[in-house]
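Open the model in a viewer and keep the selection panel at hand. The stops below are meant to be taken in order.

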Amino acid sequence: PTLVRAYLAQLGEGSKAMAANAPVAACGLATELLHHSTTTACSSPEVVAEVRSRAMDAYTRVVLGGDAKAKLPPALPSLFHRLVATMSPAEFADGAVAHSCKQLRRSPDAVLAAVASMLTHAPCANLDAHAGEEAMRDCVLAQVRHVDERRRAVAVGCVAA
């Protein structure tokens, strides 16, 4: 647990977070800590909750943050499939959906593939029960009607999920 806490300190919080300076490294470290804390029997519930919180922070800031100028690896959303698959409806609605809708309005090209991956791996209960369902639907459908063929194809994948 002390080693996990040391790594959590490296991830940081807020504006001093590792996600701001080294986004890919932050995502890798967050997902490895999440994997370690959920598969190790000696991890306390408090540590697991803190690791989940930091992993959600890295996911929403980097993957769903969608900075159009930063070219992130296309496989980056796949690091978080386990996190997305185990999100509670509250985490999904308040974290993932809220950030996705905001970024789909702001810079859809940067975040549309990550949203498609998120919707594909999210549990059906989360997709049906979240409060931002209408906002997400409107944002994705706006991309389905877009002129760009590639953007339309990814948006259709979102709808299919």
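This is a predicted model: local features need pLDDT of at least 70, side-chain atom pairs count only at pLDDT 80 or more; totals for chains, interfaces and linings use all residues.

Residues are numbered from 1 along each chain as its sequence is written, and side-chain values use heavy atoms, with hydrogens and water left out.

**Helix 3**

Select residues 23–39, which form helix 3. Helices here are DSSP runs of H or I with at least four residues, and strands are runs of E with at least two, numbered from the N terminus. The 17 residues of helix 3 should span 24 Å at 1.5 Å a residue, and the end C-alpha atoms are 24 Å apart, which agrees. The expected span is 1.5 Å times one less than the number of residues.

Next, colour the buried residues of helix 3: Ala 26, Cys 27, Leu 29, Ala 30, Thr 31, Leu 33, Leu 34 and Ser 37. Buried means under 20% relative accessible area, exposed means over 50%, and partly exposed lies in between (1.4 Å probe, protein chains only). These buried residues pack against helix 1 (2–11), helix 2 (18–21), helix 4 and helix 5, where contact means heavy atoms within 4.5 Å.

A search of the whole structure finds zero disulfides (a disulfide being a pair of cysteine sulfur atoms within 2.5 Å). For Cys 27, the nearest cysteine sulfur is that of Cys 158, 19 Å away. Now select Cys 158, which is buried at 4%. Its closest cysteine sulfur is in Cys 139, at 11 Å, too far for a bond.

**The aromatic pair**

The structure holds one aromatic pair. Show Tyr 59 and Phe 80: their ring centres are 5.1 Å apart and their planes are at 50°, so the pair is tilted. Rings of Phe, Tyr and Trp (its six-membered ring) pair if their centres lie within 6.5 Å; planes under 30 degrees apart count as stacked, over 60 as edge-to-face and the rest as tilted. Tyr 59 lies in helix 4 (residues 45–63) and Phe 80 in the loop between helix 4 and helix 5 (81–85), so the pair ties together parts 21 residues apart in sequence. Both Tyr 59 and Phe 80 are buried.

**Helix 6**

Move to residues 89–106, helix 6. Its 18 residues should span 26 Å, and the end C-alpha atoms are 24 Å apart, which agrees. Where does helix 6 bend? The bend is at Val 97, by about 30°, taken as the angle between axes fitted to the seven residues ending there and the seven starting there. Val 97 is buried, and other buried residues of helix 6 include Phe 92, Gly 95 and Cys 101.

**Salt bridges**

There are eight salt bridges in the whole structure, each a side-chain nitrogen of Lys or Arg within 4 Å of a carboxyl oxygen of Asp or Glu.

- Select Arg 61 and Asp 57: their closest N and O atoms are 3.4 Å apart. Being four residues apart in helix 4, they are separated by about one helical turn.
- Select Asp 109 and Arg 151, at 2.9 Å. This pair links helix 7 (residues 108–121) with helix 10 (residues 149–160), 42 residues apart. Asp 109 is partly exposed at 43%, whereas Arg 151 is buried at 10%.
- Select Glu 149 and Arg 152, at 2.6 Å. Both lie in helix 10, three residues apart. Glu 149 is exposed at 55%.
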